[in-house]
Structure formats: structure tokens, C-alpha cells
Amino acid sequence: MPTYRRYSGLSIGEVLPADAVRFEVTEMVARAYAIATSDPGYGAGRSGFVPPMIAAVYVPAALSARNGPPGGVHAKQRFTFHRAPRIGDVLYTQGIVREKFEKKGRKYYVIETSTRDREGDLVTSGVTTGIWGPED
Amino acid sequence: MASNLAAGYALPGITRVIDQETIDVYAAASGDFNPLHVDPDYARATPFGNTILHGYFTMALAAQVMELWRPEDWRNGGTLEVNFLGPVSPGDRLELSATVDEVVETPKRSAVCRITGRVGDRVVLAGTGICPIPGR
């Protein structure tokens, strides 16, 4: 009995997850990400730098709510950085399933994500296109 | 700096030589410990035959190319859309480059750049970076 969801169970318009995923932008997390990617924007004496692509940390946490099988492929990604994230930001991310389609025998899904701050202002928006993993 | 908005202008690129440590450090910073990235024994049994770099890492380098060019404009309105076309594995020399395609005036004045990620002659990432250009 698989513990993942089946592609057939993913619905257009479905909100993932039901409750937005919370993410706090801390100095430690931002620094770790900047160092991991050798971000030239991060340098000695420049505290408070937050790479916009830290979205790659908090957006997947929301996308994981689709609970697909292993072996899926990340095909395409779009991010719009509406404002630079700041240390101390608390961000909330949710996704909506916008599309499902099959191409060349592969099952695709498209999820649109929105990340907002405590005031409800948009910080990052995204569109993720993935290939569903093989099901038993 | 009007000249660096001309069609064909090549933004300064970024090159990284990828090793397993790079991948492991990114996994820790992003929270993505998919065995395909961090477990060589697991990865060897997959069609990839080796561990692969997170797609978001390559995307982060693409974002860095754009941010290095116009830091504040990019961080407050930039859009990056990429297709992940091929794997990047330990030992690969990953090169990210971008070229201004055009400056558009609607919906707001923006530079549209074509972005490419390569390992040798193999294209692993292709996409578009759209950077707002504040009023004249």
C-alpha cells in the first residue's frame, strides 16, 4: 500500500497545504544558504544579506504537501521576487494546483505558489512544473 | 549605464566546479536530502548513475548572474524562469551566462535576458531573467 498520493488524486484548484507553511528568515538560515551557493552578495561585514533564491528553501516545503511518489522530476521553475527578503521576516507559503497534463507518457503538474509576509504582502510568487514520480 | 542594456550585451557569468561536498553543503542549507543528491550508492543505481546537483542550486547561480548585474532592481522585482534540461554531477564545471535580448516597455520597463547553464557543450539549464529597469 503506497504511502504517497496518486496522480489521479491531485485536483485542479487544490490548495497545498491547507495551512500555509511558516518560515522565519533568520541570519543563520540566510547565511547558510548564501555560503552554500557561494553567493557573491554575501561578504565579510555584510550582515543581513538574504539571497532572494532562499525561496528554494521555503517554497519546496509547501510543495511537499502534494505527497507524490519518489522519483519525480523538477522540470521547470519560475520565481518573481516582489521584494527583497529581510532578516526577521516571517513568511507564509501556499500553493494551488493549476494544471495537470500528460506528455510523452509522463504525467505533469503545475503548482502556483504565493509567499506573503505577516502583513499579507507578496514577497515571492512562483510556478513549479514537475513530472509525477512512477506509481506502483 | 545605458550600454549594458543593449541587445546582445553579455552579463558577467559565473562558473562553479561541482563536487560532492558542494552538493552536501547545499542539501544541509536547503533541507533537501533526497538520496539522489547525497547518497552515491543510491544514485549509482538510478539512470543518472551518479549523484546530481539540486536544480535549485543551478537556478540560484542564474539568479546570482542577474543580481550581480543590477542588484537592487533584481531583488525588488526580478523574475527568473528556467527549464531544467540536464543533470549536473560531481566533477562537472558548471557555467552560467546571460545575454540581454531586449528592453521592453510594458507592462513595465524591463530588460529581458536569455540565461543558459552549461557543462561543456551540454546545456543543463535554459531560461529567462526579467529585470525591472526603473524610469529614466
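In this predicted model, the buried residues of helix α1 of chain B are covered by elements of both chains, including α1 (27-36) and α2 (55-63) of chain A. From chain B, the cover includes β1 (10-17), α2 (35-38) and α4.

**Helix α1 of chain B**
- The helix spans residues 20-30, and its buried residues are B:Q20, B:T22, B:I23, B:Y26, B:A27, B:A29 and B:S30.
- After α1(B) comes B:G31, which has a positive phi near 85°.

- In soluble globular proteins, nonpolar side chains tend to be buried together.
- The largest nonpolar core here comprises 60 residues, and A:M53, B:W69 and B:L94 have the most contacts inside it.
- Helix α4 (residues 55-69) of chain B supplies the largest share of this core, with 10 residues.
- Leaving aside residues up to four places away in sequence, B:W69 touches B:N4, B:L5, B:Y9, B:L11, B:V100, B:A111, B:C113 and B:C131.

**Strand pairing**
- Strand β2 (residues 73-81) of chain A and strand β2 (residues 79-84) of chain B run antiparallel and are joined by five bridges.
- Across from A:R78 stands B:E81 in β2(B).
- β2(B) also pairs with strand β5 (residues 122-132) of chain B, in the antiparallel sense and over six bridges.
- In this second pairing, B:T79 stands opposite B:I130 in β5(B).

Definitions and conventions: Residues are numbered from 1 along each chain as its sequence is written. Chains are lettered from A and ligands numbered from 1 in the order in which they are written. This is a predicted model: local features need pLDDT of at least 70, side-chain atom pairs count only at pLDDT 80 or more; totals for chains, interfaces and linings use all residues. Side-chain values use heavy atoms; hydrogens and water are left out. A nonpolar core is a set of buried Ala, Val, Leu, Ile, Met, Phe, Trp, Tyr and Cys residues joined through side-chain atoms within 4.5 Å. Buried means under 20% relative accessible area, exposed over 50%, partly exposed in between (1.4 Å probe, protein chains only). Helices (H or I, at least four residues) and strands (E, at least two) are DSSP runs, numbered from the N terminus. Contact means heavy atoms within 4.5 Å. Two strands pair if DSSP finds at least two bridges between them.
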